[in-house]
Amino acid sequence: MTKPASAPAPAGTPSNVIVILLDSLNRHMIGAYGGREFETPHLDRFAAGATRFTKHYAGSLPCMPARHDILCGAIDFLWRAWGSVEIWEDAITYELQKAGVITQLISDHPHLFETGGENYHCDFKAWTYERGHEGDAWKTRPDPSWAGAPLMGRGHMPYDDSRGWFRGEADFPGPRTMSAAARWLDENTGHHQRFFLFIDEFDPHEPFDTPEPWASKYDPDWEGPHLIWPPYIKGAIEKGVLTERQAQQIRASYGGKLSMIDHWFGKVLDAVARNGLADDTVVILCTDHGHYLGEKDIWGKPGVPIYEPLGHIPLMISWPGLAPGVCDALTTSVDIHATLMDIFGVAQRQVTHGKSLVPLLKGEAASVRDWLLSGVWGREVHLVTPQWKYARGPVGANAPLSMLSNRWSTMPTHVVDRNVALPLPDDRAFLDRMPGSRVPVLHQRWEAGDAIPFWGRFKPNGHHLFDLENDPDETRNLAGSLAETELAEQLNAALVELQVPVTQFERLGLTGPARR
């Protein structure tokens, strides 16, 4: 069946959107957000012509749940762990295709093309996958020129088989992805009435591996193989997992990768400029989450509350004809999805949770939401308001837990068998419905002592409450104060509004919906 041609954009509405997602992009390390440790000249260049959001937060974490928030518009972590586009929903690209909008994915993100990432790329008009990053099963044997790097507790990674095949900087996945995106703009500008280009770039996610001069840029005195694989642990230095010197090297290696991908991001900005796209194209720069690099001696993304370095993330949007500026409104990842729906004039069949950012960009509103929720499935649920962050953990054992899915897949760990990482449904599973949907869905409940998906295997550490206005570094836990009582009630009301599974209220010790 021939797809319909897109109608021109309504007057005053941009024709196209480019979304650039840089994975694990630390807000506090970008120059435009006050970072001085590493150089990010092209991110800063983009920020100078964009609206910079100061209170943007991750919703569902980590990688694929965050992309579900952006592409499907529904908060993911309250119903299931890491997973695919489900049969009760569609990615926005399905509706864009129906509307005649040309959609293109360019990515080196391996999770999009493996178990647990099914169907996110399928409804793009076209997609390009640049091979060889992190867990991508690209090569069956290593090139002997690659000497390897310390794995920090990991076993053999697919990257160890891929890395030696990169002959120069331009061969690394990140540079190839940005080059492909710039080339697509050169080849396609003027040929489509409207387009949506999604550049899903896995850098600066680990491995923090770069060629020179980036590899030694921020730690020129380091001797030996660069430390490119951070441990995932709280207290790495305290517990002797890292020395102070090794910690410095890992952080510097992240900085090298950040600066390298910033350099190649500049190639995309150049393509936008030389093709005259600034007059009719929205450009959105975002991320899925940050990455702990020693803040509070936390490294990677271990099972701890979502502190600011991980959850408080950058968002910058360039809108044709609008002056650059700063927006202090509270926003989250699903709001990017709502903004795309608004720009392209489409709707989705599933319940979505986002608020369009267009009124904020145009100065028609000062805020679009009073609260947002953030978290990883099976761990703390975080309520964030303009002033407060409240991380509510389990009140006892981390149970009961529920997962609703008809796909039953999760991220390959390359370490744990998939049936251990995600136990199969058992005879307690029953058919349920997602809010607003009539499609039956498998609902599995786990009790204390059951084998559970690995995302929920963490050591609960009580509740955490931080006054972000007066304690932005989150040094004073105010849990137990009167403010917690009020925020617990607000969190309960938010979960009731979203119609989350009753198990969430049970494990978090909340009252749940009022009984009639």
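Mentor: Please keep in mind that the model is predicted. E18 covers residues 440-446, and its pairing with E16 is antiparallel, over four bridges. In general, the strands of a sheet pair through backbone hydrogen bonds, in either a parallel or an antiparallel manner.

These two strands belong to an open sheet of three, with the order E16-E18-E17 and antiparallel pairing. E16 (401-404) and E17 (430-433) are the edge strands, each pairing on one side only. From one strand to the next, the twist averages 40 degrees.

Let us turn now to the helices. H5 takes in residues 173-188, 16 residues in total, and spans 22 Å from its first C-alpha to its last, close to the expected 22 Å. H5 is largely enclosed by the rest of the structure, because 12 of its 16 residues are buried. Among them are Pro 173, Met 178, Trp 184, Leu 185 and Asn 188. The cover over the buried residues of H5 includes strands E1 (16-22), E4 (102-107) and E6 (195-201), together with helix H6 (244-274). After H5 comes Gly 190, with a positive phi near 90 degrees.

H11 has 17 residues, 482-498, and reaches 25 Å between its first and last C-alpha, close to the 24 Å expected. Its buried residues include Glu 484, Leu 487, Leu 491, Asn 492, Leu 495 and Leu 498. When you study such a list, recall that an α-helix has 3.6 residues a turn, so residues three or four places apart point the same way. Strands E13 (372-376), E14 (381-384), E15 (388-392) and E19 (464-467), as well as helix H12 (502-508), are included in what covers the buried residues of H11. Just after H11, Gln 499 adopts a positive phi of about 60 degrees.

The largest nonpolar core contains 69 residues, and Val 17, Phe 196 and Ile 284 have the most contacts inside it. Leaving aside residues up to four places away in sequence, Val 17 touches several residues, including Phe 195, Phe 196, Leu 197, Ile 284, Leu 340 and Phe 344.

Terms used
Residues are numbered from 1 along each chain as its sequence is written. This is a predicted model: local features need pLDDT of at least 70, side-chain atom pairs count only at pLDDT 80 or more; totals for chains, interfaces and linings use all residues. Side-chain values use heavy atoms; hydrogens and water are left out. Two strands pair if DSSP finds at least two bridges between them. Axes are lines fitted to C-alpha atoms, for helices over the stretch in contact, and angles run from 0 to 180 degrees between N-to-C directions. The expected span of a helix is 1.5 Å times one less than its number of residues. Buried means under 20% relative accessible area, exposed over 50%, partly exposed in between (1.4 Å probe, protein chains only). Contact means heavy atoms within 4.5 Å. A nonpolar core is a set of buried Ala, Val, Leu, Ile, Met, Phe, Trp, Tyr and Cys residues joined through side-chain atoms within 4.5 Å.
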